[in-house]
Every structure is written in structure tokens, then in C-alpha cells.
Amino acid sequence: MSKERLPEYVVKTIEIVEQQREHPVGAFEVLQEIFMNDFTHTDITFSPQFDKTFLWIAESSRNICSLLRAFENGYEVEKEPKYLVQIKGICQGNQWLDYEIVGDILYFELNTESEKYKTYFTKQWLKDHWSEYDAYNNAGLLEFEEVEDE
């Protein structure tokens, strides 16, 4: 049997549950923590992680089956591809979308991924953090160049 490929945030949720329980866990314990999240966790840093995993499970019956198989067959992280992003007609040459982490600002410039700047984006990150993403993407104005993530 091959290992199940789970989204990175689902694997992180499993790791959080294992840290809380201080031992390896099974599917039941992970599901219990996810479904009971609103009632049992006082550390709000876990909530977004658990909420995202809950929505993934609710999205399709295939996802919950995949999670159950992961505990039977093992699992690996399914990483989303990352991209450099340009907007047609706005970015020129080697200008790419940059996100200044400290200032929470999106702009276009030539920078490289660092602690201060985010320049490699998953499409999901853009959708979640850039309110204009859908408008630009639906209009066909975004150009993506896939990059290898370290």
C-alpha cells in the first residue's frame, strides 16, 4: 500500500495532537480533537489550524477516508506548488509580487524570499490573504512562474 498524501496543514494538525497527548495518536484521537476544538482548546493559536483541517474533512467524504487510510498506511505531506506572481500590464521585467511580512503590505519589486519578504506564494495563500486575487485571476491578468521551495 502506498502512503496517503495529506495537505501540509492536516499533517501539522496531527503533529499538534501528538504533542498535546505526548504520544503517537490514531485517527480517532485526531478527529476527536478537531471536532471538539471549539470546546476544549484555550490556546487560540491552534484554532485556525484545526478549523482549516475541519473544513478539509467536511469538503468531501474522500478526505475523511484519506485521513483514515493515512493512519493505516502512513502519510506524507502533499505540498502545494509555490509561484512568483506578476500582474500583466503592471509588473515590468523582473518585478514580482512581494509581501512585506512585518508591514503586512503587498507590492511589486525585485526581492528574494527572506524573513522580511515573502515572494513565493501558493495560490491558496493568495486567495486567503489578497482580497483582489480572485478579480485579477478571473480576468486572466495573473502570470505564475513555479519555483522550487527549499
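I began with the largest nonpolar core, which has 16 residues; L6, V10, I14, V30, W56, I57 and L67 touch the most other members. The model I am reading is a predicted one. I then listed the elements that give two or more residues to this core, and they are α1, α2, α4 and α5 (61–73). Helix α1 gives the most, with 6 residues.

Next I stepped back to the whole chain. I counted 7 helices and 7 strands in the protein chain. Read from the N terminus, the order of elements is β-α-α-α-α-α-β-β-β-β-β-α-α-β. The protein chain has 150 residues, and 36% of them count as buried. I also looked up contacts with a separation of 6 or more: residues 24 or more positions apart account for 53% of these in the protein chain.

I returned to helix α2, residues 27–35. Which residues of α2 are buried? I found A27, V30, L31, E33 and I34. Looking down the axis of α2, I saw that its buried residues fall within an arc of 160°, so they line one face of the helix.

V30 touches I14, V17, V25 and F71, leaving out residues up to four places away in sequence.

I then checked how α1 (residues 8–21) sits against α2. At what angle do these helices pack? The angle is about 95°, and the axes are 10 Å apart. An angle of 65 to 115 degrees counts as roughly perpendicular, and α1 and α2 are therefore roughly perpendicular to each other. On the α1 side I listed T13, I14, V17, Q20 and R21 as making the contact. On the α2 side I listed E29, V30, Q32, E33 and I34. Sorted by class, this contact has 4 nonpolar, 3 polar and 3 charged residues.

My last entry is T53, which I placed in helix α4 (residues 47–59). Is T53 buried or exposed? Its relative accessibility is 1%, so T53 counts as buried. Setting aside neighbours within four places in sequence, I found T53 in contact with Y9, V10, T13 and I34. Two of these names were already in my notes on the α1 and α2 contact: T13 of α1 and I34 of α2.

Note on methods
Residues are numbered from 1 along each chain as its sequence is written. This is a predicted model: local features need pLDDT of at least 70, side-chain atom pairs count only at pLDDT 80 or more; totals for chains, interfaces and linings use all residues. Side-chain values use heavy atoms; hydrogens and water are left out. Helices (H or I, at least four residues) and strands (E, at least two) are DSSP runs, numbered from the N terminus. Buried means under 20% relative accessible area, exposed over 50%, partly exposed in between (1.4 Å probe, protein chains only). Contact means heavy atoms within 4.5 Å. The arc is that of the directions from the helix axis to the C-beta atoms. Axes are lines fitted to C-alpha atoms, for helices over the stretch in contact, and angles run from 0 to 180 degrees between N-to-C directions. Angles under 35 degrees count as roughly parallel, over 145 as roughly antiparallel, 65 to 115 as roughly perpendicular and the rest as oblique. Ala, Val, Leu, Ile, Met, Phe, Trp, Tyr, Cys and Pro count as nonpolar, Asp, Glu, Lys and Arg as charged, and the others, Gly among them, as polar. A nonpolar core is a set of buried Ala, Val, Leu, Ile, Met, Phe, Trp, Tyr and Cys residues joined through side-chain atoms within 4.5 Å.
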